[in-house]
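These are my notes from one sitting with the model. I wanted to look up the ligand site, then the charged pairs, then the backbone.

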Amino acid sequence: MKLLQDRVAIVTGAARGIGEAIALKLAEHGAHIAFTYVSDSSADRAASLVSRLGDMGVRARAWQTNAGDFAASEQFVADVLKEFGAIDVCVNNAGISKDNLLLRMTPEQWDEVMDVNLKSVFNMTKQVIRPMMKARRGSIINMSSIIGIRGNAGQSSYAASKAGIIGFTKSVAHELGSRNIRCNAIAPGFIETDMTHYLKEGDAAKAFMDKIPLGRFGSAEEIGNATLFLASDMSAYVTGQVLSVCGGLNI
Ligand code: NAI
């Protein structure tokens with residue numbers, strides 16, 4: 001019996017990077033996958049992921065929808081329920097960064113990061129808790145960041161959004177623990193994806209590496225492994241926690 005046999009999982013922003021690795025990992029362990037992507041340019045990658053997931057023997061479908069839009073998230077969850085019949089796991093992974101020193105940051109940049117990173121978590125969580133309450137089980141996993149714990153120059157909006165996710169996660173864990181709905185956050189360190197590609201070159205890369213006790217960037221699959229743990233009954237007594245997956249950067 002696989003860890004997530006016949007469970008239904010939502011993953012936002014899964015056409016590439018960490019989201020894609022999470023979708024593949026949960027499917028490897030038996031979960032059916034409903035995932036989102038936002039831009040037209042991701043459509044081919046999304047279609048290819050649907051086909052790879054299907055080859056793994058699970059049901060899979062992609063929706064093009066903006067996680068930062070409340071009405072669109074409501075519609076997406078209704079569609080998933082219609083098509084898959086249940087939602088057992090919700091992984092709020094979609095995220096962006098618009099790095100800029102505070103002196104130069106515009107209100108528009110701030111709002112965009114808040115909408116995609118933080119409001120999206122509210123949008124999706126608010127929709128999935130009803131079916132989870134009915135089923136008296138559920139696991140919600142929110143992608144924070146070690147930047148949300150430590151802060152970083154040039155990343156005030158990103159850090160604020162990721163810190164906000166942590167407060168939200170703990171509050172939801174308090175509110176819904178009695179319904180057997182768990183809510184946890186993952187705080188990745190530096191993970192090799194398109195988002196961090198630019199950090200891998202030159203002196204900056206060495207400076208980052210020197211701060212990581214394990215001496216390397218993490219892989220998206222390693223975030224998938226942590227997500228699998230929090231999604232499955234292996235973590236049945238874990239809620240309201242922030243799991244740092246950062247090679248020791250956050251010690
Ligand atoms: P990525 O940029 O490779 O992927 C982000 C995904 O989110 C993309 O598929 C994108 O299409 C999707 N997305 C963006 N805006 C969206 C929206 N409005 N609605 C739906 N989907 C949207 O980034 P990566 O590295 O895979 O990051 C995934 C998550 O992990 C993000 O929340 C990020 O903040 C977080 N994270 C990443 C770290 C890293 O080192 N790569 C470190 C800490 C946290």
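Ligand shell. I sorted the residues around the ligand by class and got 13 nonpolar, eleven polar and two charged. The model is a predicted one, and I keep that in mind for every entry here.

Next I asked which residues of the shell come nearest to the ligand. Of the 26 residues around it, they are Arg16, Asn66, Asn93, Tyr158 and Thr193.

I then checked which helices contribute to the shell. Helix H1, residues 17-28, supplies at least two of its residues, and helix H6, residues 156-176, likewise supplies at least two.

For Thr193 I read a distance of 2.5 Å between a polar side-chain atom and an oxygen atom of the ligand. For Arg16 the corresponding distance is 2.6 Å. Lys162 also has a polar side-chain atom by a ligand oxygen, at 2.9 Å.

Salt bridges. Side chains of opposite charge can pair when their charged atoms come close. I searched the whole structure for such pairs and noted ten salt bridges. One of them joins Arg7 and Asp233, with the closest N and O atoms 3.2 Å apart. I traced where the two partners lie in the chain. Arg7 is in the segment before strand S1 (8-11), while Asp233 is in the loop between helix H8 (220-231) and strand S7 (242-245). The pair therefore links distant parts of the chain, 226 residues apart.

Backbone. Last, I looked for positive phi values in residues other than glycine. Asp6 has a phi near 65°, and this residue is found in the segment before S1. Arg136 has a phi near 55°. I placed Arg136 in the loop between helix H4 (107-135) and strand S5 (138-143).

How values were computed:
Residues are numbered from 1 along each chain as its sequence is written. This is a predicted model: local features need pLDDT of at least 70, side-chain atom pairs count only at pLDDT 80 or more; totals for chains, interfaces and linings use all residues. Side-chain values use heavy atoms; hydrogens and water are left out. A residue is near a molecule or strand if one of its heavy atoms lies within 4 Å of it. A polar contact is a pair of N or O atoms within 3.5 Å; within protein, one must be able to donate a hydrogen and the other to accept it, and residues adjacent in sequence count only if both atoms are side-chain atoms. Helices (H or I, at least four residues) and strands (E, at least two) are DSSP runs, numbered from the N terminus. Ala, Val, Leu, Ile, Met, Phe, Trp, Tyr, Cys and Pro count as nonpolar, Asp, Glu, Lys and Arg as charged, and the others, Gly among them, as polar. A salt bridge is a side-chain nitrogen of Lys or Arg within 4 Å of a carboxyl oxygen of Asp or Glu.
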